[in-house]
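This short report walks through one protein model. Look at the sequence and the fold first, then read on.

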Amino acid sequence: DDDQTDDDQTDDDQTDDNVGELDDEKTDDDEINDELYKVDQLDNDPVLGMLSPQIKHILSNNTKTIINNNNEATTSPACHPHFRLSLPNHRWNNTTRFRRIYFYHARKAGGSSMHKYLAKVAEHYNIELKATEWTAMEDPGTNLDNATFYVTHLREPVDRAISHFKYQGRWSCKELIKKSYSPSEENANKLEAWNQTGGHVPSQCRVRKYEDNGRKSRAPVFMLGECAVNCYSQWFSGLSCPEWGIPVDQQYQVAKEKLLKYNLVVVIEKLRDPKYVQAVEDIFGVPGITERGQPFCERPSHKANQKHPLIVHNNTREKLTRLNQVDIKFYHEMTSCLDSGRYNFPKWDPSRFELNSTDMWIAKAAKKLEKESAKRRAKADKEKKEKKKKKRKVEDIEEDAEESQKKKKSKAGSDDEAAEKEAKKKSKKEKKAKKEKRKSKE
């Protein structure tokens, strides 16, 4: 099933040069969800007129041939990882020391395990780690204030799509985590319907506000969770919002150009090869890349699929293969150079990273202080609650004792009253008896 071919694939036409003037502003496109965009001028082009300057810059910055300082074509970072820093205008720097690691998490492609491993690396060397998913991947060369070592990963597209279906397309994660929910064949979605850019439906983008010459407006922002078709092209480019009308071959081209500027692309299928595992771990000098992560609803999803095994028919797989032609081409272009089984990867070079930097120690110390402060606040709140609880308990005991005393007094009073009545009654009887005795004597 892994032997997919790239015959009849979508060609890799370059984007037309007449796309209009493009904004030169350099931005960090993975922060697209939080920014308010100020559009100085919108082009007359019917497609580009709907795009923010950030999106226009992505298109402009990623539709040229990427070359290194020696004017040689850049090779796939899946086969040739490196410690060079990507700069604007498709240049490289081989001396800058990295201040952070960035990881783009492609869903259901071993990303949770990769994230866990990179977190271990970051903790080991006191390096910042930033990880994103759902949104567009960060574009190297756009965050020069924080020199970054870029990492992502790939898995065969059809296998990834089926795995994604089993994880949250067959049953909803929101339902699976409920104790009252019982997954069954009857309430399961069908794999045959998992055939859209957004999983069961076409991909859709959220709407965010931006400013246009002081006027507030709204525009779509890329966000993709569930996906079955050409997901790498969508995630890596961040350009698949239907409102923009950008064709998939152009998304693929932007995704490819972005990925070629990354430092390392881990191929999940290759982690079955101990030599490959060792080669990747040697890059960071830290073991443990094969340790499994724990996605959000992995356990209930795995349990449900064990109870109701998914049968993948040949025609369904063939259809998914046809639908994912662009991503399959992309996958093979990036990974086929590993087919020889030789992994000439660089080894960990501490001189290329700012290890234990002052800023990192300050940030770490601040984080530790905040954590300790939070613990103290939590402890104080807990003690306060316990004190209130004890006080309330004492008050309840006192109230119960007082109530019990009242009942006892009330009962004692009732007994005395009864005794008094009985004494009066007895006295009356005695008086009556004496009176009758006196009468009888007379």
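In the hairpin of β6 and β7, 2 residues lie between the strands, and Asn213 takes a positive phi near 55 degrees. Strand β6 (residues 206-212) and strand β7 (residues 215-221) run antiparallel and are joined by 7 bridges. Arg208 has Ala219 in β7 as its bridge partner. Two strands are said to pair if DSSP finds at least two bridges between them. Helices (H or I, at least four residues) and strands (E, at least two) are DSSP runs, numbered from the N terminus.

The model is predicted: local features need pLDDT of at least 70, side-chain atom pairs count only at pLDDT 80 or more, and totals for chains, interfaces and linings use all residues. Residues are numbered from 1 along each chain as its sequence is written, and side-chain values use heavy atoms, with hydrogens and water left out.

**The whole protein**

The secondary structure comes to 11 helices and 8 strands. The protein has 442 residues, and 45% of them count as buried. Buried means under 20% relative accessible area, exposed means over 50%, and partly exposed lies in between (1.4 Å probe, protein chains only). Take the contacts between residues at least 6 apart in sequence: 77% of them join residues at least 24 apart. Contact means heavy atoms within 4.5 Å.

**The parallel sheet**

Strands of a sheet pair through backbone hydrogen bonds, either parallel or antiparallel. Here an open sheet of 4 strands has the order β4-β3-β5-β8, with parallel pairing. β4 (128-132) and β8 (264-267) stand at the edges with a single partner strand each, so one side of each is left without a neighbour in the sheet. On average, neighbouring strands of this sheet are turned by 20 degrees against each other, direction ignored.

β3 (residues 100-104) pairs in the parallel sense with β5 (residues 148-154) and with β4. The table lists these two pairings.

| β3 and β5 | 4 bridges | Tyr102 with Tyr150 in β5 |

How many residues of β3 are buried? The count is 5 of its 5. Both faces are covered: Arg100, Tyr102 and Tyr104 are buried on one side, Ile101 and Phe103 on the other.

Helix α7 lies across β3, β5 and β8 and runs at about 155 degrees to β8. Axes are lines fitted to C-alpha atoms, for helices over the stretch in contact, and angles run from 0 to 180 degrees between N-to-C directions.

Val277 is found in α7. Val277 is buried, with a relative accessible area of 12%. Leaving aside neighbours within four places in sequence, Val277 is in contact with Leu271, Ile289 and Thr290. Tyr343 is 66 residues away from Val277 along the chain, yet their C-alpha atoms are separated by 9.9 Å.

**Helices α2 and α7**

Two packed helices are described by the angle between their axes and the distance between the axes. The axes of α2 (residues 111-125) and α7 (residues 274-284) come within 11 Å and cross at roughly 30 degrees. The two helices are therefore roughly parallel to each other; the term covers angles under 35 degrees. Tyr117, Leu118, Val121 and Tyr125 in α2 meet Val280, Glu281 and Phe284 in α7. By class, this contact has 6 nonpolar, no polar and 1 charged residues. Nonpolar covers Ala, Val, Leu, Ile, Met, Phe, Trp, Tyr, Cys and Pro; charged covers Asp, Glu, Lys and Arg; the others, Gly among them, are polar.

Technical notes. Parallel < 35°, antiparallel > 145°, perpendicular 65-115°, else oblique.
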